[in-house]
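Hi everyone, thanks for coming. Please have a look at the chain on the screen, and I'll walk you through a few parts of it.

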Amino acid sequence: MEQIRQFELSKEYLESLQLGIEEENIDFIRDSLDGVNVADIAAILDELSMQESIYVLRLLEKQLAADILIELDEDTAVKVLRELETSEVGSWIELMDSDDGADILSLFSEKEREDVIAEIQDRIKLEQILELLRYEEDTAGGIMAKEFIRANKNWNVIQTIAEIRRQAENVEKIYSIYVINNRQQLLGRVSLKKIILAGADTRIEDIYDEEVISVPVHMDQEEVAAIMRKYDLESVPVINAKNKLVGRITVDDILDVVQEEADEDIQAMTGVSADIEESDSVLTISKARLPWLLIGVLGGLMGAKIIGYFEVGLSKYLALASFIPLVAATGGNVGIQASSLIVQSLASKSAFDDTPMQRFFKGLFVAVLNGIVLGAFVFLVVVFVYGFEPIFGVTIGFALFCVVLLASFMGTVTPLVLNRFGINPAIASGPFITTTNDLLGLTVYFGIAMFLLKL
């Protein structure tokens, strides 16, 4: 069994490695990386300059270099790939699983991709990769691998074992053996345990399990992830429209999908308009963050305009200004809470989910209860702690109650509407809700104050 060395990236090691690269100390570089997990080596290369990363990759054994390339951060991988010879990239892709090879090729422009393809000598591998590139990257076909083990239902156990040995050379992890007919259509699956325990002449059709969960090639990757999570699957076969077995998706592929989707939702919720990393340039990060920040600034300017509109009332009752932060903060918090719950429910749908109308009324009842409690609490504090007149306490408490209702309404309805029109509802959970609730909350607050205090 291969021994994986425990490794912790430190500034001291990075400096010593850079010194080894500078002095071209090949033995030190190879020895220091011997037995280190490929993910850890990729993390090291992410910290090195492009030329340093390329130098280290070229010193390592080809299979190891190919595995590391897969693990590199996408931005680092693009920079490294563009500096490598196409013959090097082609030889490394031949050593990858088809889905990983397709991912690497997709990082190139069309012209660069053609140059790399010309260097791939393994025609079977190339055919598999080109097939995968035809699918949308966020579908089952786009994330599946062509390496899997299949057995014809007409084979006996001896034939099947021989085929498993032959096919397993290209399959890193064996989760299931899929059973097919002569037309390559998926029939079911058979476990290694059944094959081992069965007699040598036993036919596969007598021992395979017809109950197998599969996914179509054009299914969205999020739906695939939901299916694998629901049924606790380590792998799932992928079929085309004719039920022909064309690939498989493994749990490590799905973990990447889950991480990718989570990153997208987090960025959407925080108002980042593009897929960025902290390692990106200052200009790239700024361009991604600016759109929603500008909207927030415009919202603030509009809020100032609203306050200015009620300037006469404020001049008569200056204490109203003291509670503006309370109204804005409460409305923002309620809106984000409501929208986050809706987004979460939309992301994990089930057959027994509430209808949009049921979600709306549930959110409304929660808002009414919370609004009553918060409004009453603020009334008591304003009157008995701060010493204001009861009518002023009623004004602040009732205004807060209305703001809670309005914010909850916006937080509940906005994600549902966005989802209905195919827009990522996560964008409703951040700056959009906060800015909108600030403006509406201020309007409601001063409107109620003018009415009750007769300003």
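Let's start with residues 322-343: their end C-alpha atoms lie 33 Å apart, and the span is 95% helix and 0% strand. Helices here are DSSP runs of H or I with at least four residues, strands are runs of E with at least two, and both are numbered from the N terminus. This is a predicted model, where local features need pLDDT of at least 70 and side-chain atom pairs count only at pLDDT 80 or more, while totals for chains, interfaces and linings use all residues. Residues are numbered from 1 along each chain as its sequence is written, and side-chain values use heavy atoms, with hydrogens and water left out.

Residues 394-418 are 100% helix and 0% strand, with end C-alpha atoms 36 Å apart. Both spans are among those that an unreviewed UniProt entry lists as "transmembrane region", together with 290-310, 364-388 and 430-453. UniProt annotations may be inferred rather than shown by experiment.

Now the whole chain. It has 22 helices and 6 strands. Of its 455 residues, 42% count as buried; buried means under 20% relative accessible area, exposed over 50%, and partly exposed in between, with a 1.4 Å probe and protein chains only.

Next, helix H10, residues 123-133. Which of its residues are buried? They are Lys125, Leu126, Gln128, Ile129, Glu131 and Leu132. These pack against helices H7, H8, H9 and H11, and against strand E6 (245-250); contact means heavy atoms within 4.5 Å.

On to two loops. Glu24 sits between helix H1 (11-22) and helix H2 (26-33). Its phi is positive, about 55°, although Glu24 is not a glycine. Is Glu24 buried or exposed? Glu24 counts as exposed, because its relative accessible area is 56%. Asn243, in the loop between strand E5 (235-239) and E6, is another non-glycine residue with a positive phi, near 65°. At 30% relative accessible area, Asn243 is partly exposed.

Last stop: helix H13 (residues 192-197), where we find Leu192. Leu192 has 39% relative accessibility, so it counts as partly exposed. That's all from me, so please ask away!
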